[in-house]
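Please read the points below with the coordinates open beside you.

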Amino acid sequence: MQLPRDAVLLRIFIGEDDRFDHRPLHEAIVLKARELHLGGATVLRGAVGFGHSSRLHTSKILRLSEDLPIVIEIVDAPEKIEAFLPVLDGMMGGGLITKEKVQVLQYGPGPTERG
C-alpha cells in the first residue's frame with residue numbers, strides 16, 4: 001500500500017474510559033481504521049490534559065485519574081479520511097476531531113519489518 005505525498009492527518013482526542021460496543025473506544029477506532037484499509041493508526045496516551053469540561057486528567061501519583069487523555073493519529077489520502085469521518089461520528093459521543101494537510105516523506109516497513 002502506498003500513501004500519496006499530499007495526505008491528511010486525522011487526530012482524534014478522547015478519554016481512556018470512552019467505550020464503543022463494549023470495548024475501549026480507541027481500540028474500536030483503530031480496528032475500524034484497519035478494517036477499512038487506512039494507511040495506519042497510532043494511539044498516544046497522555047500524561048495530563050483537559051478538554052471541554054476543563055476537568056484535569058492526570059497520571060500524577062497523588063491524583064490518579066482513571067480517564068487519561070488519548071490521541072489517535074491516522075494518516076491517509078484526503079478522500080479516505082473524508083470517508084472515515086461518518087464512521088467516527090457513529091462511534092463517538094464526544095471528544096475532538098481535527099484534520100490537517102501533511103506531506104508524507106516516507107511510508108514503509110521499518111528495519112525490523114524488512115527482515
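1. Contact is used here for heavy atoms within 4.5 Å, while helices (H or I, at least four residues) and strands (E, at least two) are DSSP runs, numbered from the N terminus. This is a predicted model, in which local features need pLDDT of at least 70 and side-chain atom pairs count only at pLDDT 80 or more, whereas totals for chains, interfaces and linings use all residues. Residues are numbered from 1 along each chain as its sequence is written, and side-chain values use heavy atoms, with hydrogens and water left out.

2. The sheet is open and is formed by four strands in the order 4-7-1-8, with antiparallel pairing; two strands are taken to pair if DSSP finds at least two bridges between them. Strand 4 (41-45) and strand 8 are the edge strands, each pairing on one side only. Between strand 1 and strand 7 the antiparallel pairing runs over eight bridges, and Leu9 stands opposite Val75 in strand 7.

3. Helix 1 lies across strand 1, strand 4 and strand 7, and runs at about 10° to strand 7. For such angles, axes are lines fitted to C-alpha atoms, for helices over the stretch in contact, and the values run from 0 to 180 degrees between N-to-C directions. Helix 2 also packs on the sheet, where it touches strand 1, strand 7 and strand 8, and its direction makes about 20° with that of strand 1.

4. Helix 2 (residues 78-91) has 14 residues and reaches 20 Å from its first C-alpha to its last, close to the 20 Å expected at 1.5 Å a residue, the expected span being 1.5 Å times one less than the number of residues.

5. Which residues of helix 2 are buried? They are Ile81, Phe84, Leu88 and Met91, where buried means under 20% relative accessible area, exposed over 50%, and partly exposed in between (1.4 Å probe, protein chains only). Among the elements against which these residues pack are helix 1 (25-35) and strand 2 (19-20).

6. The two histidines may be read as a pair. His26, found in helix 1, is buried because its relative accessible area is 19%, and beyond its neighbours within four places in sequence it is in contact with Ile14, Val43, Ile70 and Ile72. His37 lies in the loop between helix 1 and strand 4 and is exposed, since its relative accessible area is 55%.
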